[in-house]
Amino acid sequence: MPDAGVSRRGFLAAGAAVAAGLVTAGCGVASGNSSDRILEPPRGGADAATAPAKLPISTANPDAVVAKYAGRQPRAWGTDIDGIITGFNPTGKQFAVTFDACGGPGNNDIDENLLAFLQAQQIPATLFLNKRWIDANPARAGQLADNPLFEIGNHGTAHCPLSVTGRAAYEIKGTGSAQAAVDEVWGNHQRIAALTGHAPRFFRAGTAHYDDVAVSIVKDLGETPVGYSLNADFGATATAAQVQQNMSVAKTGGVSLAHMHRPKSGTGPGMLAALPALKANGFQFVHLP
């Protein structure tokens with residue numbers, strides 16, 4: 001049975017993934033969307049010369065955030081609860097693609113064909129990098145950070161679901177306290193700030209699951225919690241044909257979730273087929289605003 005805090009539509013999407021024979025343990029999770037939780041219109045389009053905004057190194061006080069939320073009990077849990085951004089107010093027929101690099105054993109590779117395609121097609125993307133992936137690929141991470149086509153987002157320090165009670169998602173144990181949740185966000189916040197010279201604007205938890213206390217923690221640390229409206233590759237387990245089909249239902253103002261650390265998966269080939277088709281259908285790709 002689904003968790004009480006997970007929306008019915010998220011559970012139905014997860015069921016569809018299982019029915020299709022997809023494994024969702026990893027970064028990818030079932031699709032959810034909440035149209036009332038959206039960002040303001042994006043500042044830049046597909047032109048790589050329009051770089052995303054760069055914030056100064058954060059002045060947030062992690063110890064103060066821990067003290068503020070110590071002992072608080074969550075009331076909601078899932079991928080699309082209040083406070084998680086799952087879309088944006090578009091200017092025209094716009095869509096944001098995002099890719100996670102989860103890091104850790106078996107997850108430190110790079111889909112260079114996918115990245116080269118995004119570069120050749122001048123498709124902006126937000127790349128959510130886990131600290132373990134950055135540490136395994138420091139030179140490549142630095143190159144990506146220097147490319148105005150890409151914005152580097154925070155995908156956590158150890159790729160944990162973000163919780164204050166240890167709640168798990170897809171058998172991945174979540175952070176177990178306010179201190180652990182702050183550490184999960186802040187460890188990679190500092191790593192990305194050192195890599196890029198500015199604070200990351202966006203955070204996506206491992207498995208994209210949060211409780212409501214953890215959502216507030218992310219915000220108090222100066223970042224915006226991000227989810228998705230379209231799960232493209234179900235944790236890099238989908239075939240190329242499935243990725244292409246999933247992306248074909250993209251909606252204006254949506255945000256896709258896929259992965260860039262599994263070069264042998266169907267993600268890259270599926271995206272290479274899907275993104276030009278969306279562009280031919282009038283979509284413009286933009287950074288998360």
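Me: Where is T207 found in this predicted model?
Reply: T207 is found in the loop between β7 (202-203) and β8 (210-211).

Me: Why is T207 called buried?
Reply: Buried means under 20% relative accessible area. T207 has 0% relative accessibility, so T207 counts as buried.

Me: What is the phi of T207?
Reply: Phi of T207 is near 70 degrees. That is a positive value in a residue other than glycine.

Me: Which loop holds F234, and what is the phi there?
Reply: F234 is found in the loop between β10 and α8. F234 is not a glycine, yet its phi is positive, at about 45 degrees.

Me: How do you know that F234 is buried?
Reply: The cut-off for buried is under 20%. F234 has a relative accessible area of 10%, so F234 is buried.

Me: What makes strand β11 largely enclosed?
Reply: Strand β11 covers residues 255-259. Five of its five residues are buried, so the rest of the structure largely encloses β11. On one side V255, L257 and H259 are buried.

Me: What makes β10 a partner of β11?
Reply: At least two bridges are required. Strand β10 (residues 230-231) and β11 run parallel and are joined by two bridges. In β11, S256 is the bridge partner of L230. From β10 the chain crosses through helix α8 (residues 240-247) to β11, in a right-handed β-α-β crossover.

Note on methods: Residues are numbered from 1 along each chain as its sequence is written. This is a predicted model: local features need pLDDT of at least 70, side-chain atom pairs count only at pLDDT 80 or more; totals for chains, interfaces and linings use all residues. Side-chain values use heavy atoms; hydrogens and water are left out. Buried means under 20% relative accessible area, exposed over 50%, partly exposed in between (1.4 Å probe, protein chains only). Helices (H or I, at least four residues) and strands (E, at least two) are DSSP runs, numbered from the N terminus. A crossover is right-handed if, with the strands pointing away from the viewer, the path from the first strand over the helix to the second runs clockwise.
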